[in-house]
Amino acid sequence: GKIEATAAQIDGHYDMALCSLSYHHMPYTSKMKYLRELKPHLDNLILFELDANNDLPELQTPELALSIYQSYARMIDFAFQHDAPVEVAQNCVDRFLMTETVSLLTQPRGERNDYHMLRSQWLDLFEQILAPDFTRLCDSSCYEDEYFGLFTIHYGR
């Protein structure tokens, strides 16, 4: 679930937090806030994320448009390259990928439903909030081509 919905209930200490959807669907300032709140409760934090600059650019900027084009166009290509029936691929695109794309293209920061960040932006955020108590243990590409990338970052005590 989203960390905003569960942060107040976190109690005790945990070996690991696996963050994918819990952190990337919120603006940068919220990521900072909830990462600070989660830090004392963890030994390890692992993030799986799309390498895209969809969080910090403002609405109607070339930077945001290029990032959306590079990441979402590639995901749409992947949906139709799969051996699923065409109607399944169309539903995936129409109900998921296009919903996020339209949100990114029409809603200002703070109202969007998606906020992917570049790997370098995540590394800066983690160094700012987690260091020196945590060390980067892994920074690895899970998939990467000329337009699209998925990565994993692991910080631990």
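**View 1. Packing of the buried face of helix 3.** In this predicted model, the buried residues of helix 3 pack against helix 1 (3-6), strand 1, helix 2 (21-24), strand 2 and helix 6. These buried residues (under 20% relative accessible area, 1.4 Å probe, protein chains only) are Y28, K31, M32, Y34, L35 and L38. Helices (H or I, at least four residues) and strands (E, at least two) are DSSP runs numbered from the N terminus. Residues are numbered from 1 along each chain as its sequence is written, and side-chain values use heavy atoms, without hydrogens and water. Local features need pLDDT of at least 70 and side-chain atom pairs count only at pLDDT 80 or more, whereas totals for chains, interfaces and linings use all residues.

**View 2. The largest nonpolar core and Y23.** This core, a set of buried Ala, Val, Leu, Ile, Met, Phe, Trp, Tyr and Cys residues joined through side-chain atoms within 4.5 Å, has 25 residues, and those with the most contacts inside it are Y23, L35, W122, L125 and F126. At least two core residues come from each of strand 1 (14-19), helix 3 (28-38), strand 2 (42-50), helix 6 (119-129) and strand 4 (149-156). Leaving aside residues up to four places away in sequence, Y23 touches (heavy atoms within 4.5 Å) I3, K31, Y34, L35, L38 and W122.

**View 3. The second core.** A separate core of 11 residues includes L50, I68, M75 and L97.

**View 4. Helix 4 against helix 5.** The axes of helix 4 (residues 62-81) and helix 5 (residues 86-106), lines fitted to C-alpha atoms over the stretch in contact, come within 9 Å and cross at roughly 170°, on a scale from 0 to 180 degrees between N-to-C directions. The two helices are therefore roughly antiparallel (over 145 degrees) to each other. Among the contacting residues are L64, I68 and F80 of helix 4 and V86, L97 and L105 of helix 5.

Note on methods: Buried means under 20% relative accessible area, exposed over 50%, partly exposed in between (1.4 Å probe, protein chains only). Angles under 35 degrees count as roughly parallel, over 145 as roughly antiparallel, 65 to 115 as roughly perpendicular and the rest as oblique.
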